[in-house]
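Colleague: I would like to learn how to read a model like this one. Could you take me through some features, one at a time?

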Amino acid sequence: MSDKIKTTKEEREAKKALKLAQEKERIENMCVYEKEYEAFSYICGIDEAGRGPLAGPVVAGAVVLPKDCRILYVNDSKKLSEKKREMLYDVILNEAVSVGVGIVSPERIDEINILNATYEAMREAINNLTVKPDILLNDAVTIPGVDIEQVPIIKGDAKSLSIASASIIAKVTRDRLMYHYDELYPEYGFAKHKGYGTKLHTDVLKEIGPCPIHRKTFITKICP
């Protein structure tokens, strides 16, 4: 019996070691762009959260990591649980050379459209860094009005450690804002859907209309 228990424990330890080795390899593979541009002193990942919701701001994150930084379990924020994102948010803040956040309001989104609002949030995030990046690794986009070399990477939040870290910063920041708005406007259920167009959300909109954080240009078909 004791030999069987011992073997089972050894197997568990072996599986644990294998999973850790696989995770380290995955993270190393996510540093391919960071290695390609390692001649630059400050490499900054850029990503956003909240382009699609009917309510709330769009938020951008900008993260400059140290050259040798390898934060395990970082991934595209959409692939992580909320608990894991919250944990990694603190690790990224602690490990990063600098972190910047940009937030653009629903009113501004209605004024200039969501794409331009996203660019504005990204520029704000860059400006809020304590160091000026030498190169930007962006999730898919090229940001206008920025005098820094940019590398747009399709699905970059799954391919670059810097971009994935920025996606986590942006997502956690925005989710926290939506929890705050849920306290101000509890009837809309923002804590559950974060402003996205779920059935719960659209049903409430049809029943009572929008609140001050709704994007008016996003709800014209729901609230004519």
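Colleague: In which loop does Lys-155 lie?

Modeller: Ground rules come with that. This is a predicted model, so local features need pLDDT of at least 70 and side-chain atom pairs count only at pLDDT 80 or more, while totals for chains, interfaces and linings use all residues. Residues are numbered from 1 along each chain as its sequence is written, and side-chain values use heavy atoms, with hydrogens and water left out. Helices (H or I, at least four residues) and strands (E, at least two) are DSSP runs, numbered from the N terminus. Lys-155 lies in the loop between β5 (149-153) and α6 (161-184).

Colleague: What is phi at Lys-155?

Modeller: Most residues other than glycine have a negative phi. Lys-155 has a positive phi of about 55 degrees, and it is not a glycine. Lys-194 also has a positive phi, near 55 degrees. Lys-194 is in the loop between α7 (190-193) and α8 (199-208).

Colleague: Where does UniProt place the feature "binding site"?

Modeller: Read such records with care. UniProt positions are given in the numbering used here, feature names are shortened, and annotations may be inferred rather than shown by experiment. The unreviewed UniProt entry places "binding site" at Asp-47, Glu-48 and Asp-139. These residues span 93 residues in sequence, yet no two of their C-alpha atoms are more than 8.3 Å apart, so they gather at one spot. Asp-47, Glu-48 and Asp-139 are also in the lining of the largest pocket.

Colleague: How is a pocket defined, and what volume does the largest pocket have?

Modeller: The search uses a 1 Å grid over the protein atoms alone. A pocket is an open set of points where a 1.4 Å probe fits, with protein on both sides within 12 Å along at least five of seven lines. Lining residues have an atom within 4 Å of a point. Grid points are joined across faces, edges and corners, and a volume is the space filled by probe spheres set on the points. The largest pocket has a volume of about 220 Å³. It is lined by 13 residues, and the closest to its centre are Glu-48, Ala-49, Gly-50, Lys-78 and Tyr-196. β1 and α6 each supply at least two lining residues.

Colleague: What surrounds Asp-47?

Modeller: Contact means heavy atoms within 4.5 Å. Leaving aside neighbours within four places in sequence, Asp-47 has contacts that include Met-122, Asp-139, Asp-157 and Ala-170. Asp-47 sits in strand β1 (residues 43-49). Its relative accessible area is 2%, so Asp-47 is buried.

Colleague: How many disulfides does a search of the whole structure find?

Modeller: A disulfide is a pair of cysteine sulfur atoms within 2.5 Å. The search finds 0. Cys-31 is in no disulfide, and its nearest cysteine sulfur, in Cys-69, is 8.0 Å away. That distance is too far for a bond. Cys-31 is buried, with a relative accessible area of 1%. Cys-69 is buried as well, at 7%.

Notes: Buried < 20%, exposed > 50% of the residue type's maximum accessible area, 1.4 Å probe, protein only.
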